[in-house]
Amino acid sequence: MTKISFREKLIEVRKSKGLTQTEVADLCSISLRTVQRIEAGKVTPRAYTIKQISEALGFDFFNVYDNPDTYTDKNDIKTNNIQAPIEFVKDLFNLKTNTMKKVSIISSFCLLIIFSIFSFTFKLNAQTQKKAIKETTPKNELIEPVKITFTNQLTFDELTTIKIDLENQGITIQYKKLEFDENNKLKTIACFIDCNDGFKGSFVANHIELATKKIGFSRDYDLNSSSPFETGVLKKTIILDVGHGGLDSGSFSKDFQEKEITLAIANKIKELSKDNEEFDVFLTRDSDQFISLKKRTQIINASKPDYIISLHTADSQTNKKHGVNLYTNDQNRYINESSTLTKAFSKSIGKDLKVNMIKNMNSHFLKNVKCPATLIELGYLSNPSDKENLTTKKGQHRIATIIFNALQEVI
Ligand SMILES: [Zn+2]
């Protein structure tokens, strides 16, 4: 292997072509000073410059480049191809020439690296967080569901109590902003909630008194829950109290019992409600079982629903009475809300079915449930037309659809 000096070869080629240094500079589009410095052996030309000179002078200087990495041995051409990019990078950091251009290239390169690192870290964080949530999601039933709704009835003291109660359950709530009206009732709320198990979120609600939606947060890790953690606008909870069951058949005609009719219609309403965004529907029973009125009341109050509809059928000595009956209880503390909902419900159902006057019913159940409630008798088993509706699949589907549509309108 014989090393040949690039500068010597350049001088040789230039002179053989009868060119001056200025003419070479012009031909190669480089500065005269660069040509002078190369020929004086003061600088080592970079790969790009050698390429320019080679093209301009019609001679392949790469083969004679006197850089220690460049040999005349043709077997080393491959090495040279690999070395050229390395030389280019090395040259980038030689700030003696084209400084601004190099600074731009180096800066862009650095920015690219920083951006890549950020993207990777962000992705990693997101994955870690997802994994953490997955791993920390409690699967046992010992963790109580929590549902907090912020209404315009809350005072500062009550909000403080909510905060303390939640802390006792391991949940941190930070009120970022609280505003109260002239009666010291909550008007605006902005808060951050952290269940300290991976689930956290925040929401802002202005003009709570005008909100028709339910605002707050809920945590329900039950495996059947559609959303384990929600903040902001929450889905409402409706309980369908399925009348009678087990030993208690309710009213009955020759072939049909009230307890079967209420269960069939409740199941259809639940099925129709499956995909709606506004509310979740729960049943007090989904099989032929007896649950005492006292027990029903306890189950319902523990669930803190937004509305309860108790499903029944009516019966009469005469076959002339027909239509839907609706009842509320004027002793219940939610009687105002119950009345409003029941009237709206009556109006909606009335578009498709005959609805009789809303009445007061003095029942343990309607009196003691802690939320708005309506008891509905869906028709008279003693009336042939109502009976047809209540006992056939087609009729039951019709009634269920009417009730579901009314719920959507009312809730
Ligand atoms: Zn009944």
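Trainee: What percentage of the 411 residues in the chain do buried residues make up?

Mentor: Buried residues make up 25% of them, where buried is the word for a residue with 20 or more other C-beta atoms, placed from the backbone, within 10 Å of its own. This is a predicted model, in which local features need pLDDT of at least 70 and side-chain atom pairs count only at pLDDT 80 or more, while totals for chains, interfaces and linings use all residues. Residues are numbered from 1 along each chain as its sequence is written.

Trainee: Why are α10 and α13 called oblique to each other?

Mentor: Helix α10 (residues 335-349) and helix α13 (residues 393-410) pack at an angle of about 130 degrees. Angles under 35 degrees count as roughly parallel, over 145 as roughly antiparallel, 65 to 115 as roughly perpendicular and the rest as oblique, and α10 and α13 are therefore oblique.

Trainee: Which residues of α10 meet α13?

Mentor: Leu341, Ala344, Phe345, Ser348 and Ile349 of α10 do so, a contact being two C-beta atoms, placed from the backbone, within 7 Å.

Trainee: What makes the buried residues of α12 line one face of the helix?

Mentor: In helix α12 (residues 384-391), the buried residues are Asp386, Lys387, Asn389 and Leu390. Seen down the axis of α12, these buried residues fall within an arc of 160 degrees, so they line one face; the arc is that of the directions from the helix axis to the C-beta atoms. On the other side of α12, Pro384 and Glu388 are exposed, a word for residues with 12 or fewer such neighbouring C-beta atoms.

Conventions: Axes fitted to C-alpha atoms, helices over the stretch in contact; angles between N-to-C directions. Helix = DSSP H or I, 4+ residues; strand = E, 2+ residues; numbered from the N terminus.
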